[in-house]
Amino acid sequence: MTNNIDPFHDIRPYNDEEVRPVIDALVNNKELLDVLGRFKFPRLKALLGPALNPLIQWALKREFRHVTDVASWQKMIAKYMGKMLRRTVSKLTYSGLDKLQPGRGYLFISNHRDITMDPALVSYGLDQQGLETARVAIGDNLLQKPYVSDIMRLNKSFVVKRSAIGVREKVKAYMDLSTYIDHSVHAGHNIWIAQREGRAKDGIDATDAAVMKMLYMSKKKSGQSYADYINSLHIVPVSIAYEFDPCDKAKACELEALASSGEYVKAKFEDMKSIVKGIVGYKGKVHVVFGEPLEGQFNTPEEISIAIDSSIAKNYQLHGTNMAAHAMTMGKPHPSIDALQQRFADLTVKQKEYALAMYVNPVLRQQQFNAAVAG
């Protein structure tokens, strides 16, 4: 397929006919084999070095032998996802999936706490309901290695070019993104994007109006009103609530460093370490709410942002950790306080404040939006 007839060739997920060649390249990628060896068999890898690679390659070829298209790749991923969830989640629940119509494309906009688990949980729920999994927006800052990009694009990820430099290049990147989302949803495919760029490390789930502005870029000259176009995207706000955030202490340390020194320099491949920690770390109870599809006269990016924020905040499932953190800040008792204090025992006083705040803020956001409705 040539670039002339495939305008999204450099950002879209891989098509079925591309899956097998990409997999064949991956199983022969020495760097990937080395990484898998260090991750899965650290002692053996340290002992055998590159001599372990043929064994890992054999295992990959065996695992991938029946993968011939995107559906069979995702079926394999779903199997491992189920195993991982049984190890790291004590209880996984969903609500709101029954409101979704099969065959209709939706734009799922969720709060963003974990780099890969947020979209993975959305697609896992859709799959369990017999609905199509989502095409997932992922920043190119997370695709520093070609094999990582290949794996993500096999799994229905499309690339957000955050590294674009210069006004013209940035405008083109956002226009391509807007056009791809429009094309996908109106062709009946589901899309997942986060409500903002980057994770909400402070626990405040706030939609960036710039993201809502981007959605309309490809239609600005069409004559279609902002309100009509936004309604045509069938936006569904999604609230994802983890009892425990595996990366909470790392986030707290980052926020404290930013506050105290004005900057935080990430270590090399720190994002990849966060991805791994988010996947394998214990999460406790997890609840995912698919909100009511938004319909209304949303004339500006700010208006749709407020509607998304309200839905996410009100549908957020508050866990014992949230209520315990809130009780601590109020000087009140709660049965889960001891567990939180033990979890953050090795943090400094300031770091602990940031760690607790990320659990408290969902409580405050819910109170804020409930009060607005009551008022």
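Nine of the twelve residues of helix α6 are buried, so this helix is largely enclosed by the rest of the structure. Buried here means under 20% relative accessible area, as against exposed, over 50%, and partly exposed in between, with a 1.4 Å probe and protein chains only. Helices (H or I, at least four residues) and strands (E, at least two) are DSSP runs, numbered from the N terminus. The model is predicted: local features need pLDDT of at least 70, side-chain atom pairs count only at pLDDT 80 or more, and totals for chains, interfaces and linings use all residues. Residues are numbered from 1 along each chain as its sequence is written, and side-chain values use heavy atoms, leaving out hydrogens and water.

The buried residues of α6 are Met117, Asp118, Pro119, Leu121, Val122, Ser123, Tyr124, Gly125 and Leu126. Helix α6 covers residues 117–128, and at 1.5 Å a residue its twelve residues should span 16 Å; the end C-alpha atoms are 16 Å apart, which agrees. The expected span is 1.5 Å times one less than the number of residues in the helix. Just after α6, Gly130 has a positive phi of about 80°.

Helix α5 (residues 70–88) can be examined in the same manner. Its 19 residues should span 27 Å at 1.5 Å a residue, and the end C-alpha atoms lie 26 Å apart, which agrees. Among the buried residues of α5 are Val70, Trp73, Gln74, Met81, Met84, Leu85 and Thr88. An α-helix has 3.6 residues a turn, so residues three or four places apart point the same way.

A single residue of another helix may be considered next. Gln366 belongs to helix α16, residues 349–374. Gln366 is buried, because its relative accessible area is 15%. Leaving aside residues up to four places away in sequence, Gln366 touches Ala313, Lys314, Tyr316 and Leu318, where a contact means heavy atoms within 4.5 Å.

The view can now widen to the whole protein, which contains 16 helices and seven strands. With 375 residues, a compact globule would have a radius of gyration near 21 Å, and the protein has 21 Å, which agrees. This radius is taken over C-alpha atoms, and the globule rule is 2.2 Å times the number of residues to the power 0.38. Along the principal axes, the C-alpha atoms fill a box of roughly 60 × 60 × 45 Å. Buried residues make up 49% of the 375 residues. Of the contacts with a separation of 6 or more, 76% join residues 24 or more positions apart.
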